[in-house]
Amino acid sequence: MLLPESVSRLSRFRSIRYRKYFSLFALGDEMDSNVVGIGDRCYWKHAEFRNEKEASLSNYETKRPLFNRDLAFLELGAYQTLNRHYCSQYHTGEIKHKLLGSMPKFVKIVEVGPRDGLQNEKEIVPTSVKVELIKMLVSSGLPVVEATSFVSPKWVPQLADAKDVMSAIQGFGHSRFPVLTPNLKGFEAAMAAGAKEVAVFAAASESFSRSNLNCSIEDSLVRYRDVALAAKNHEVPVRGYISCVVGCPMEGAVPPSKVAYVAEELINMGCAEISLGDTIGVGTPGIILIFLLIIEVQTAPVFLVVYVASCLVAVVQELTLRLKKNVTGFRALLGTVIPMLEAVLDVVPIEKLAVHFHDTYGQALSNILLSLQMGISTVDSSISGLGGCPYAKGATGNVATEDVVYMLNGVGVKTNVDLGKLILAGDYISKYLGRPSGSKAGIAFSRALSNASKL
Ligand SMILES: CC(C)(COP(=O)([O-])OP(=O)([O-])OC[C@H]1O[C@@H](n2cnc3c(N)ncnc32)[C@H](O)[C@@H]1OP(=O)([O-])[O-])[C@@H](O)C(=O)NCCC(=O)NCCSC(=O)C[C@@](C)(O)CC(=O)[O-]
């Protein structure tokens with residue numbers, strides 16, 4: 001089934017009153033094993049309302065009726081409505097569309113909410129809440145949940161309970177729980193607390209390195225060589241973060257060559273994975289995609305129009321910036337993420353790269369899609385879009401995990417993450433923090449859930 005057909009079907013579905021459509025849809029999937037034949041499972045089901053009391057569900061392709069029920073039975077309410085995320089799964093088969101041809105089939109999501117998310121909270125979150133959040137994240141199927149940091153509690157008091165968090169989550173599910181370690185002291189504490197993976201965090205900007213680590217880039221790399229050596233002796237994998245890969249809150253634009261330099265140093269000291277952090281969320285996907293998309297836009301309007309619009313905003317923002325700085329030429333039109341990724345790809349194998357986008361300017365999903373099209377298959381994100389770095393003023397949260405999973409479901413890329421359970425985790429932490437979720441998908445699902453409970 002091709003993307004354009006699915007998209008036009010999706011848009012037709014929207015004409016149906018959404019509350020009822022989604023309840024029906026979810027029920028259709030739930031009843032797959034008993035009621036719906038094998039051949040019907042992979043196709044969109046078509047919900048039709050004959051009158052205010054009855055509805056029917058049919059296989060959209062074959063028009064085979066699946067069942068007719070009265071609405072009272074179909075509108076089972078909250079549980080089914082949570083499953084409305086099925087609407088983002090346009091098909092379950094192979095991705096064949098040429099625009100999506102280079103996308104990976106599976107994306108590993110690295111959840112950074114409990115660490116990156118909670119390190120920036122004004123009020124310190126109690127250990128029990130952190131532990132419950134991690135438990136919920138694990139139960140959603142996330143393969144990696146970054147649990148905490150073994151950094152100086154003077155610098156990040158929010159994570160001073162790292163040891164207690166680690167001891168409480170031992171034995172939780174099958175997820176991996178890496179932790180941040182800025183030096184040997186942190187590494188040793190992490191090992192004593194039972195950590196089996198660690199991460200070091202350098203920066204591509206000198207000023208940011210000093211404000212985050214109180215040392216130069218070179219000095220941080222010296223420390224990290226010690227950590228990497230100790231980790232090798234313990235047979236513990238090390239992830240290497242690089243902050244400010246496109247822009248720095250103090251220095252402005254960061255040259256791709258600086259990012260590539262730090263990436264190469266981290267790889268050479270033995271890091272198993274390099275995560276490229278757009279710490280202040282200024283990266284833009286660039287105009288190249290727009291040319292590509294204009295060719296495709298006639299065949300897949302709904303999906304692409306949204307994407308093109310966000311690219312256009314990015315380009316206007318980029319051009320304005322460049323004009324202000326008197327920079328001209330084609331390079332400006334490339335955006336900032338493509339040149340940075342290209343420079344890093346010269347020195348790090350693609351399978352060792354991860355992207356870590358903050359959503360300060362609303363560019364994170366576009367940048368992620370672009371990175372996937374370039375072949376990257378590991379994406380960092382944070383539940384409910386929590387986060388920011390205490391040493392990067394103005395940086396808002398990371399891209400929300402719920403939004404990333406929703407988008408990946410929509411383009412048929414597997415994550416093995418249960419979106420319904422993620423939404424519950426996001427709801428839990430947002431309620432605790434007493435503010436709305438930073439995830440658009442999370443807010444939409446929660447609203448639908450509360451509407452359904454009123455049925
Ligand atoms: C690196 C240091 C420690 C240097 O900080 P310093 O003050 O230069 O270090 P120091 O060696 O002088 O130590 C100061 C005190 O901290 C203690 N200390 C020293 N190390 C540790 C440790 N590991 N664990 C516990 N305590 C430690 C040390 O013992 C001493 O205690 P005192 O003697 O004064 O009582 C400090 O700058 C620090 O902890 N920085 C961490 C900042 C941080 O966590 N930032 C957020 C994470 S990075 C991020 O979020 C970006 C990322 C990864 O998400 C990607 C992106 O988006 O860009």
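Analyst: **The sheet and its surroundings**

Lys108 stands opposite Thr378 in β14. This is a predicted model, in which local features need pLDDT of at least 70 and side-chain atom pairs count only at pLDDT 80 or more, while totals for chains, interfaces and linings use all residues. Residues are numbered from 1 along each chain as its sequence is written.

Strands (E, at least two residues) and helices (H or I, at least four) are DSSP runs, numbered from the N terminus. Two strands pair if DSSP finds at least two bridges between them. Val110 has Val144 of β5 as its bridge partner.

These pairs belong to an open sheet of 9 strands with parallel pairing. Read across, the order is β5-β4-β14-β13-β12-β9-β8-β7-β6. At the edges are β5 (144-145) and β6 (148-149), each of which pairs on one side only.

Further along the order, β9 (residues 238-243) and β12 (residues 273-278) are joined by 4 bridges and run parallel. Here Arg239 has Glu273 of β12 as its bridge partner.

α11, residues 217-233, lies across β8 (198-203) and β9. Contact here requires C-beta atoms, placed from the backbone, within 7 Å of each other. α11 runs at about 165° to β8, where axes are lines fitted to C-alpha atoms, for helices over the stretch in contact, and angles run from 0 to 180 degrees between N-to-C directions.

β9 also has a part in the shell around the ligand: β9, α9 (184-192) and α10 (206-213) each supply at least two of its residues. The largest share is that of α9, with 3 residues. There are 26 residues around the ligand, and those that come nearest are Ser152, Gly186, Ser243, Gly277 and Thr279.

By type, the shell holds 12 nonpolar, 11 polar and 3 charged residues. Ala, Val, Leu, Ile, Met, Phe, Trp, Tyr, Cys and Pro count as nonpolar, Asp, Glu, Lys and Arg as charged, and the others, Gly among them, as polar.

Terms used: Two residues are in contact if their C-beta atoms, placed from the backbone, lie within 7 Å. A residue is near a molecule or strand if its C-beta atom, placed from the backbone, lies within 6 Å of it.
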